[in-house]
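Have the sequence and the coordinates open while you read.

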Protein chains: 2
Amino acid sequence: MKKALQFYTAQRKKLLAFQYVGFLTSWDAQTEAAPGSIEADSAYQAVLSEMSYRLTTDPEFERCVEELYQQREGLDDVLRHEIEVMRKSISDAKKIPMEDYVAFSELTSRAYPVYVRAKQTGDFGLFRPYLEKIVDYCRKQTEWLATDDLKGYDVLLDRYEPHYTQKKYDAFFNVLRERLVPFVKQKTACPAPVPEWAKQKFDVSKQRVFCEYIRDVMCFDKNFGVMKESEHPFTSGIGTDDVRITTHYYEDDLVSSIFSVIHETGHATYERQCDPSLNGTLCGGGASLGMHESQSRFYENIIGRSSAFWQAHYPVLQKTFAPQLDGVSLGEFMSYVNRVEASFVRTEADELTYPLHILLRYEIEQKLLNGSLAVEDLPSYWNSKFTEYFGITPPNDTVGVLQDVHWAYGDIGYFPTYALGSAISAQLYHAMSKDFDVEKSLLSGTTKQINQWLGEHVHKYGSSKYPDEILRIATGEDFDPNYYVDYLIKKYSKDNLA
Amino acid sequence: MKKALQFYTAQRKKLLAFQYVGFLTSWDAQTEAAPGSIEADSAYQAVLSEMSYRLTTDPEFERCVEELYQQREGLDDVLRHEIEVMRKSISDAKKIPMEDYVAFSELTSRAYPVYVRAKQTGDFGLFRPYLEKIVDYCRKQTEWLATDDLKGYDVLLDRYEPHYTQKKYDAFFNVLRERLVPFVKQKTACPAPVPEWAKQKFDVSKQRVFCEYIRDVMCFDKNFGVMKESEHPFTSGIGTDDVRITTHYYEDDLVSSIFSVIHETGHATYERQCDPSLNGTLCGGGASLGMHESQSRFYENIIGRSSAFWQAHYPVLQKTFAPQLDGVSLGEFMSYVNRVEASFVRTEADELTYPLHILLRYEIEQKLLNGSLAVEDLPSYWNSKFTEYFGITPPNDTVGVLQDVHWAYGDIGYFPTYALGSAISAQLYHAMSKDFDVEKSLLSGTTKQINQWLGEHVHKYGSSKYPDEILRIATGEDFDPNYYVDYLIKKYSKDNLA
């Protein structure tokens, strides 16, 4: 075993180095590289990806992982988990016929520009043949990767969020359908108009100053990661010591960049607070997509859209933009940042209506995979279901079925993790509130106590455990979607959010 | 041979991908990475460097290079040159005993922080034992790598600038000593004071705007590379399609950033104008350090400090900073940017006194290597020689013998390429002037015609030929330092530089 361990450790070092390369090249492409250089740089990146891929598909590596797996009882907890995950990922990769894998990569490469054109022109017909092939491949994938425990859609769901299968998601989305859909219908019946003060222009350099202030409020140590600008905000990094975020400033939107920064700093805090001993392993970083999203949304919505948070920081915002917010009370500001309205586009949705966008996608993915919905009928199905949940009908497919890129990338089974993240954040909030008064801690001016609790109960484990295990350790319970719906209904039933 | 060629091409693809990684990681470290992340990132970089190193030291790669070398007559010119260079570099690497190589890497790693401390405190004694060992190693290196043609200092010189040996450099530096030293003494006897207008504060955001304008004047296509800021300006990139530069803005210096941008855009133009067919080879990029420096200095000094250039652009500068330069004539501005003064620090020296700083270092490196100067006597020798050439004596070793980092890195033989670059630029200028009226072309407002000439006569070859060959092709002559001294004496003999 000693020899296997040595070999494994050496390969892992290289894998981590390639992860660093992947992070840096993608960060560069999205924030810095000039347009003309993208093509040439992509060619180098492809060579590096192949080198990295060959490390994990090396038969000697596979033998070594198998040997360690057979003797896993002798490994420490972190390495045992890592070896289990690695063994499954090698085994899954081997189950997919190489020619299908290559054909699918080519398909999604070709599908992407067609999808972009289809979205721009609102012409679903352009994208339809590609999506049909993508769905076909995903269906085949569920057959190749099926196990005794996982079949059909579950195979895909488990890839994006281990151990979360239809059984769990169905229970979750049923609660949403039963309790949240009627509540949302009631709350969106008469949306409040956007207040006049929010329609001003807000100087971008002042927004920058305030967003750096927010990073300080969230106790992010800037010695370990810059903030830049990109088209879409994101968090990127490697290990606990290099964690970067981006945001996007809009002159005609005061709060968009602020909530992006709170959201991304939530992701970044998760990465920063992993146990540093995980840095040399493959168990650093968040446990799953859903767990990561639970952290970003915890900070963005539960903390960032709370009255306690803004009691401490609204005066600073007013001062930064003086005199533009002089006549705007904290109450008016809070109503604005918690404004609810039925809208067509998921990424622009408010906290309350957001999960229904995911509910719609979850139902559609199920039907596409089990064949009860044909791709050609997708636009009309989308529109009728959308009308049912939101009471409004998309005027075109650009803001309807074509709005998201995920399916064009071949990602079926990804969407549910977004709603799951919100639901987990509410369950964590409930547990945290038993330990200390969250609102009171926010009045102190920073998120220090909150960071500490999440660090101790969630972040420190990195991805050395499965997300459902971490949730159980942190809250003492299995996933329970009622905390989320309770939270939303309680919050949005109030007349005055300040 | 077909099999060897296939293997070689596959390895080369990986080597280029690692070059891309090297470029990107170093760019990131110097422009973006937060201080706290440097250590963790360096560890990944070390793993990647080792992987790249193992590619070239792979015995199969060596056999393959040897096979291609034996059949080199059947290869195209570029590949033949590449194989020759690769074979020499593999053969050189093998001549150095591994334990010495490792010990030297460790020595320079340890020497660097000591050097920094020594420079800060002006205490040469701290650095002395390290420099003694570095000189010892370099002397041993000249023995390991000696050939029938190359011995002693020549071994080191040839590593930094192929085919430029003491015989050539001696001829060059003799001309400097005989013709330039007395001229400089005369010109620096009564330096003009810095004019009052130059002591104003110049808004950095206006400097940024003007520097972007300069990149347009030099016809640099910004679609292929950004400009950022860093402590020390540099150019970095890979291939012809990703070429980036940095500069540094000082509020109390109007022209520092401008000449940095002209200098770095000179380097960048060289990279951009290599023949695109060289992109997939190891023969892209500049031919040598000296050739690269010849291009940056051509643009910075011969073009950028010329009256014709500023006749076109000084009005734009005045407008950008209006009203700060309203009373300053073009003639006054030209006198300022061509101001000559004996000074202690090489990197801050003007065009005329600069080469004497290199002359001093060249003489010292010779003596250190042949043992006629002991490291312990270095500070006093430096100061006495400095006084002889410049007429002023360094007040301490910080601005004397400790000012440059090169020797701490183990780079002996590097300095001469700086002066060589300036000299080559003057020889190219002479050849170019036979083909068209350079000053007249500058009055058109861009460097387009100059770029074209350099592209056609120098840049397109990349590093597919040795630098002396390219100079011969471009000028029809071997290297001749008199063009340089003629140029300097002619320019600085004028009373009015406008």
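What is the mean pLDDT of chain A, and what share of its residues reach 70 or more? The mean is 96, and 99% of the residues of chain A reach 70 or more; pLDDT is the predictor's confidence in each residue, from 0 to 100.

Some ground rules. This is a predicted model, in which local features need pLDDT of at least 70 and side-chain atom pairs count only at pLDDT 80 or more, while totals for chains, interfaces and linings use all residues. Residues are numbered from 1 along each chain as its sequence is written, and chains are lettered from A and ligands numbered from 1 in the order in which they are written.

6 of its 6 residues are buried, so β3(A) is largely enclosed by the rest of the structure. Buried here means that 20 or more other C-beta atoms, placed from the backbone, lie within 10 Å of the residue's own. Both faces are covered, with A:Asp242, A:Arg244 and A:Thr246 on one side and A:Val243, A:Ile245 and A:Thr247 on the other.

Two strands pair with β3(A), pairing being at least two DSSP bridges between strands:

| Partner in chain A | Bridges to β3(A) | Direction |
|---|---|---|
| β1 (residues 227-229) | 3 bridges | parallel |
| β2 (residues 235-238) | 4 bridges | antiparallel |

A:Lys228 stands opposite A:Thr246, and A:Ser236 stands opposite A:Arg244. The hairpin of β2(A) and β3(A) has 3 residues between the strands, and in it A:Gly239 takes a positive phi near 65 degrees.

Now for helix α1 of chain A, residues 2-31. Its buried residues include A:Tyr8, A:Phe18, A:Tyr20 and A:Trp27. Their cover includes α2, α3, β2 and β3 of chain A, together with α1 and α2 of chain B.

That brings in the second copy. Chain B can be laid on chain A with an RMSD of 0.1 Å by a turn of 180 degrees and a shift of 0.1 Å along the axis, by least squares on C-alpha atoms of residues with pLDDT of at least 70 in both. The two copies are thus related as by a two-fold rotation axis. In chain B, the C-alpha nearest that axis belongs to B:Val21, 3.5 Å from it.

Notes: Buried ≥ 20, exposed ≤ 12 C-beta atoms within 10 Å, placed from the backbone. Contact = placed C-beta atoms within 7 Å.
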